[in-house]
Amino acid sequence: MAAVDYWLHLADNALVLGQRNAEWCGHGPILEEDIAMTNNSLDLIGQARMLYQVAAARLDDGSTEDSLAYFRDPQAFKNLTLLELPHHGPLVGYAVDNRDYAVTIVRNFLYSALMALVWERLQASKDADMAAIAAKSLKETRYHLRHAHDWLIRFGDGTEVSAQRAQAALDYLLPFTQEFWSAAPYEQAAVDAGLAIDVRSLQADWDQLVAHTLEVAKLRFSPRTGYQTQGKLGQHSEHLSYLLGEMQSLARAHPEGVW
Amino acid sequence: MSTSVTADMETRLARATRLLATVTDPEIPVVSLDEMGIVRGVFEEADGGIRVVITPTYSGCPAMTQIEDDIRAVLQPLGQMITVETQLSPAWTTDWMTSTAKEKLRAYGIAPPSRVCGSAAEQPQVMQFIRDAAVVDAVDCPHCGSAQTVEASHFGSTPCKALYKCLSCQEPFDYFKPF
C-alpha cells in the first residue's frame, strides 16, 4: 500500500499544479505566457495521467485514473501544500485581478527545480514504469524549469516593481519548500523498495540550483522558517478543497458520463 | 500462370504497414506518424491480429487519442483484430524524426529541430543545464532561410514548439524544439 501512496503523491503534485496553472488559460498577462502556462498545465496533467494509470493498476481495486482524480476528497490528496496555493500572496482577495504572475513563476521555478532533480534520479528506479515516466517527464520538466528560470531573471533584474513582487513571492513561498525535505512514511517505504529516491539527498543540489538563479536574478534567498506544512500527509490548506471543488464538480454531477 | 504479386497476395502485415504510412500527425498534417517516429512497430500476432505500438511525443499530447482513432480507422479494412498499444519507454525524441519529416516541416513553415538531443545519458545534467539555460538554439527561418532569428517564447501553439521571429523577413514562425 505504501508504494502506491508514493505514486499518488507524485500524481497529485502534477494534477494540482496543472489545474492551478490552467487558471491562466485565457487570462495570461500576455498572449505568449497564456500559451506557455497552458502548455505547462498540459504537460503536468499528462504526467498525472501516466502516474494515476499505474497507481490504478497497482491498486487493482476497480480504481481508474478518473476515479483517483475526481472521486477522492481533499484529505486523500498527497500533494505538496505549495502547489495548491492560489496565484497571489497571503491576505489578498480571491478576485482574478489579484493574481500575481510573480507567485506563479516563483512556484513553478521552485517545483520544477525539485522535479527536474527527482525525475533525473528516478530514471534509475528499479520500477520499470517509474523509470519510463521519469525519462519522459524529465524532458518536459527541463523546459518548465528553463521557462521559470528565465522569467525569474527578467523579474528580478527588471523594474523596481517586478523585482519587488518577485522577492515578495519568494519570501512568501520559500517557507513552503521545507515540506519538500521531510520524507513521509510512504516515501521512506518506496525508497526501501527501490521505487523512489530519498528526496533529502537532493536538497544540497536544489539549494545550489536555486541560489544560482536567484543570484543572476539579483534576488535574495529568503529564510525558510516557520510552520512546516504537511500536504504530502493529507493535511492541506483551505485552498485545496476549492480547487478540487471546481475540478471535480462536473465528473461528480455526471458520474461515469461519456461524450 | 503469372506469379506476379497481386493485392491478394500482399501479407496482412505488409498491407497494415502500407496503410499506416498514410496516417498523418493530426497537429501537423504534412508528416506521417511513421516519419515522426511515433509508430514504434507493427506486428502480426499468432491469431492474425495486427498490433501497432505507438509512443506519445509529450505526455499530455491531446492528439494521442486522435492518433489511436486514426490508426484504427485506416486499418479497418483488415478486420476487427486491431490493437493499438502505447509504449512510454524509450521516451520519444525528435532525433527519431526522419530527414524527410524535417524537410516537410520546413516546407510547411515550421523550423525543424536544429540539433540532436542524444540519449538521456548524453544530455547535460540538470545542474549544468540550468547554467546553460541562457543559450538559445540558432534556428534558420523556414520562410526566407535567414539565420537572423530570435526566440519570442519558449512555448508556441503546442508544447512541442517554440515561437520564433525572423529579423530579415519579419515573419513569425514555429520552431520544433529538440526534445
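User: How many salt bridges does the count come to over all chains?
Analyst: The model is predicted, and its side-chain atom pairs count only at pLDDT 80 or more. A pair qualifies when a side-chain nitrogen of Lys or Arg lies within 4 Å of a carboxyl oxygen of Asp or Glu. Over all chains, the count by this rule is 23 salt bridges.

User: Which parts of chain A are tied together by the pair A:Asp129 and A:Arg58?
Analyst: Side chains of opposite charge can pair when their charged atoms come close. The side chains of A:Asp129 and A:Arg58 form a salt bridge, with 3.0 Å from N to O. The two residues are in separate helices and the parts they tie together are 71 residues apart in sequence, so the pair links helix α5 (residues 128-156) with helix α2 (residues 31-59).

User: Which residue of chain B forms a salt bridge with A:Arg146?
Analyst: Between chain B and chain A the count is 1 salt bridge. In the pair that A:Arg146 makes, the closest N and O atoms are 3.3 Å apart, and the residue on chain B is B:Glu151.

User: How much area is buried between chain B and chain A?
Analyst: The contact between the chains involves 34 residues of chain B and 33 residues of chain A. Carbon and sulfur atoms give 64% of the buried area, which comes to about 3100 Å².

User: Are α1(A) and α4(A) roughly parallel or roughly antiparallel to each other?
Analyst: Helix α1 (residues 2-21) and helix α4 (residues 101-122) of chain A have axes that come within 12 Å and cross at roughly 150°. Angles over 145 degrees count as roughly antiparallel. The relation of α1(A) to α4(A) is therefore roughly antiparallel.

User: How many residues of the contact of α1(A) with α4(A) are charged?
Analyst: The crossing of α1(A) and α4(A) is left-handed. On the α1(A) side the contact includes A:Tyr6, A:Leu10 and A:Arg20, and on the α4(A) side A:Arg107, A:Met115 and A:Trp119 are among the residues. The contact of α1(A) with α4(A) has 9 nonpolar residues and 4 polar ones, and the number of charged residues is 2.

User: What is the handedness of the crossing of α5(A) and α8(A), left-handed or right-handed?
Analyst: The axes of α5(A) and helix α8 (residues 203-216) of chain A come within 8 Å and cross at roughly 35°. In this contact A:Leu145, A:His149, A:Leu152 and A:Ile153 of α5(A) meet A:Leu209, A:Thr213, A:Leu214 and A:Val216 of α8(A). These residues divide into 6 nonpolar, 2 polar and no charged. The crossing of α5(A) and α8(A) is right-handed.

User: How many residues are nonpolar in the contact of α5(A) with α6(A)?
Analyst: α5(A) packs against helix α6 (residues 160-173) of chain A at an angle of about 125°, with the axes 7 Å apart. That angle makes α5(A) oblique to α6(A). The contact is made by A:Leu152, A:Arg154, A:Phe155 and A:Gly156 of α5(A) with A:Ser162, A:Ala163 and A:Ala166 of α6(A). By class, 2 of the residues are polar, 1 is charged, and the nonpolar number 4.

User: What separates the C-alpha atoms of A:Ala163 and A:Ile153?
Analyst: A:Ala163 lies in helix α6 of chain A. Apart from neighbours within four places in sequence, A:Ala163 is in contact with A:Phe155, A:Gly156 and A:Leu219. A:Ile153 is 10 residues from A:Ala163 along the chain, and the separation of their C-alpha atoms is 9.1 Å.

User: Where is A:Asp60 found in chain A?
Analyst: Most residues other than glycine have a negative phi. A:Asp60 is not a glycine, yet has a positive phi of about 50°. The position of A:Asp60 is the loop between α2 and α3 (65-70).

User: Is the peptide bond from B:Ser89 to B:Pro90 cis or trans?
Analyst: Chain B has 5 helices and 7 strands. B:Pro90 sits in the loop between β3 (82-86) and α4 (99-108) of that chain. With omega near -5°, the peptide bond from B:Ser89 to B:Pro90 is cis.

Note on methods. Residues numbered from 1 in each chain as written. Chains lettered and ligands numbered in written order. Predicted model: local features only at pLDDT ≥ 70, side-chain atom pairs only at ≥ 80, totals over all residues. Heavy atoms only, no water. Axes fitted to C-alpha atoms, helices over the stretch in contact; angles between N-to-C directions. Helix = DSSP H or I, 4+ residues; strand = E, 2+ residues; numbered from the N terminus. Parallel < 35°, antiparallel > 145°, perpendicular 65-115°, else oblique. Left-handed = near helix turned anticlockwise from the far one by under 90°. Contact = heavy atoms within 4.5 Å. Nonpolar A, V, L, I, M, F, W, Y, C, P; charged D, E, K, R; others polar. Buried area = accessible area lost by both parts, 1.4 Å probe.
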